[in-house]
Amino acid sequence: MPDKVCEHAYRVYRACSMLKRMLVAILLSTSPAMAGSVVLDANESPPYWSESMTGFGMGGEIVQAISRAAGVTTVLSFKPLQRMIAEDDNNDLGNPVFYLRNQDFAAIIPIAVYHVALFYYKPNHDGEAFSVVSLADLKGFKVGMLKGALVDRSAFARAGIDVEESYSQASLFRKLRKGRIDLVIEVELVGRQMIRNLFPDEIDAFAVNPVEQSEAPIAILLSQQQPDAAAVAQAYRRGLQTIVDSGEYSAIVKKYYGAGLLPEHYMPELEHFSRLYRFVGGIAQ
């Protein structure tokens, strides 16, 4: 009898152990890493996002590093900015301000910071320097901007500013070089990259004036239609913190900014935006 009792107990133990392993396997299979790929839409804007760049650019490298650390499979899909803004059921990558007008999100996770600059072609202005403090300083000029990037067109109209929008940065800077527009307002790193690509022999002919207090976030914006959005968002935030702590994040952004050019307040600004978007729809993320 004791032997039969021991044998029965052993069988119960084996059954419980097998059940435990099955439960663990089920839990793993429903985690963000195993639930399928998360598709994030980006617009072509090197050096942040580009299909032709290694790692898909700075933003692409950051997203993939976060994804590896988080155990999430992420796929980047490139679309025009205007189309990304118009769609209301997709996951986006970019400044939340551009997308919140048309779409509510389950979670917003800032992953980078950018700064805006004013660009002009010196030979078209007789070497005259521009100093922009307010919109009034742009009155009388024809200003180029990327289609979809102008949030408040009425403010520009009231200030007497003529705005011309284009679907690509390349078009904007070609128009700037030809004198068809006077100034271009663009993300600083994007504009510098575009000038290097289009006019490598005339880099010094373009003036770049960073706009003060123009910092803004680049974020992962998860649609309310994204399966397991809360769990995916938590994984992304955990992955971001992991690569920040390890130094991998710093290595990526410094590579794109260049030695000594990373803004002093870059990381505090990123932390500020992380706190700002920690609440979406009144719910702590």
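Helix 6 (residues 169–178) lies across strand 5, strand 6, strand 7, strand 8 and strand 9 and runs at about 150 degrees to strand 8, where axes are lines fitted to C-alpha atoms, for helices over the stretch in contact, and angles run from 0 to 180 degrees between N-to-C directions. Helix 7 (residues 188–198) also packs on the sheet, touching strand 5, strand 8 and strand 9, with contact meaning heavy atoms within 4.5 Å; the direction of helix 7 makes about 115 degrees with that of strand 8. The model is a predicted one, in which local features need pLDDT of at least 70 and side-chain atom pairs count only at pLDDT 80 or more, while totals for chains, interfaces and linings use all residues. Residues are numbered from 1 along each chain as its sequence is written, and side-chain values use heavy atoms, with hydrogens and water left out.

The sheet is open and comprises five strands in the order 7-6-8-5-9, with mixed pairing; helices (H or I, at least four residues) and strands (E, at least two) are DSSP runs numbered from the N terminus, and two strands pair if DSSP finds at least two bridges between them. Strand 7 (162–166) and strand 9 (206–210) form the edges, each pairing on one side only, and the twist from one strand to the next averages 30 degrees.

Strand 8 (residues 183–187) is mostly covered, five of its five residues being buried, that is, under 20% relative accessible area with a 1.4 Å probe and protein chains only. Strand 8 is joined to strand 5 (residues 116–121) by four bridges in an antiparallel arrangement, with Phe-119 opposite Val-184, and to strand 6 (residues 142–146) by two bridges in a parallel one, with Val-143 opposite Leu-183.

Technical notes:
Buried means under 20% relative accessible area, exposed over 50%, partly exposed in between (1.4 Å probe, protein chains only).
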